[in-house]
Amino acid sequence: MRTLLAKFESLFEMIGQLIPASLLGLIARLVIAYTFFSSGRTKVSGILEVTDTTLYLFKEEYAVPLIPPEFAAYMATYAEHFFPILLVLGLFTRFAALSLLMMTLVIQLFVYPDAWNVHMWWAIAMLYLIKHGAGMASLDYLIRGSNRQ
C-alpha cells in the first residue's frame, strides 16, 4: 500500500513540476481582477461616475458599520477599479491582493455573510498572491528583478 501511495505521490510531484508558479500567479491575478473590476463596473456610469443606485444600495443594503454610506460607496467603487488594474499589471501585487482581501472580509462579515462559499475561493487566490507575489509575468518581477520573487 505504501508503495502505491509513494507512486501516486511521485506522479503528482511530477505533474506539479510541470505547472509553473508564475502561471498560477497570473491566473490568480486575472481571476480576482476580473471579479472585482466587473463588480466595480456595475456601480458606475461612464468612466467612473458612481450611480444613484450604487449610493442607494450602500445606504440601504450594504450598510457597513462605522463608515458613512456615501464614502463607502465611492471607496469601494474606486477600489474595485484601481486594485484590479494593479493586479492585471502585476504591480504592487501583494498590496493590491491584501487590499481586496480586506474588502472581501468586510463584504463577508457585514454585507453577505451567507456567501462564504464564494468568498473563500477569492480569499485563497488572494492569499496565494500575498504569499508568493505576482510571478514572472508582472511588473513587480521586472522592477525587483528575478532574485526577489
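# Aromatic pairs, burial and overall form

Visitor: At 54% relative accessibility, does Phe12 count as buried or exposed?
Guide: In this predicted model, Phe12 has a relative accessibility of 54%.

Visitor: How many residues apart are Phe8 and Phe12, and in which helix?
Guide: Phe8 and Phe12 are separated by about one helical turn. This is because they lie 4 residues apart in helix H1.

Visitor: What is the relative accessible area of Phe8?
Guide: Phe8 is partly exposed, a class that lies between the 20% and 50% cut-offs. Its relative accessible area is 42%.

Visitor: Which residues form one aromatic cluster with Phe58?
Guide: Rings pair if their centres lie within 6.5 Å. Phe58 belongs to one aromatic cluster, and the other members are Tyr62 and Tyr112.

Visitor: Is Ser22 buried or exposed?
Guide: Ser22 is a residue of helix H2, which covers residues 21–41. Its relative accessible area is 18%. Buried means under 20%, so Ser22 is buried.

Visitor: Which residues does Ser22 touch, not counting those up to four places away in sequence?
Guide: The residue in question sits in helix H2. Leaving out residues up to four places away in sequence, Ser22 touches Ala134, Gly135 and Met136.

Visitor: In what order do the elements of the chain run from the N terminus?
Guide: The chain has 7 helices and 2 strands. From the N terminus on, the order is α-α-β-β-α-α-α-α-α.

Visitor: What is the radius of gyration of the chain?
Guide: For 149 residues the globule rule gives 15 Å. The chain lies well over that, so it is more spread out than a compact globule. Its C-alpha atoms fill a box of roughly 60 × 40 × 25 Å along the principal axes. The radius of gyration is 19 Å.

Visitor: How far apart are the centres of the positive and negative side chains?
Guide: The chain carries 10 positive and 10 negative side chains. The centres of the two sets are separated by 16 Å.

Definitions and conventions
Residues numbered from 1 in each chain as written. Predicted model: local features only at pLDDT ≥ 70, side-chain atom pairs only at ≥ 80, totals over all residues. Heavy atoms only, no water. Buried < 20%, exposed > 50% of the residue type's maximum accessible area, 1.4 Å probe, protein only. Contact = heavy atoms within 4.5 Å. Phe/Tyr/Trp six-rings, centres within 6.5 Å; stacked < 30°, edge-to-face > 60°. Rg over C-alpha atoms; globule rule 2.2 N^0.38 Å. Lys, Arg positive; Asp, Glu negative; His and termini not counted. Charge placed at Lys NZ, Arg CZ, Asp CG, Glu CD.
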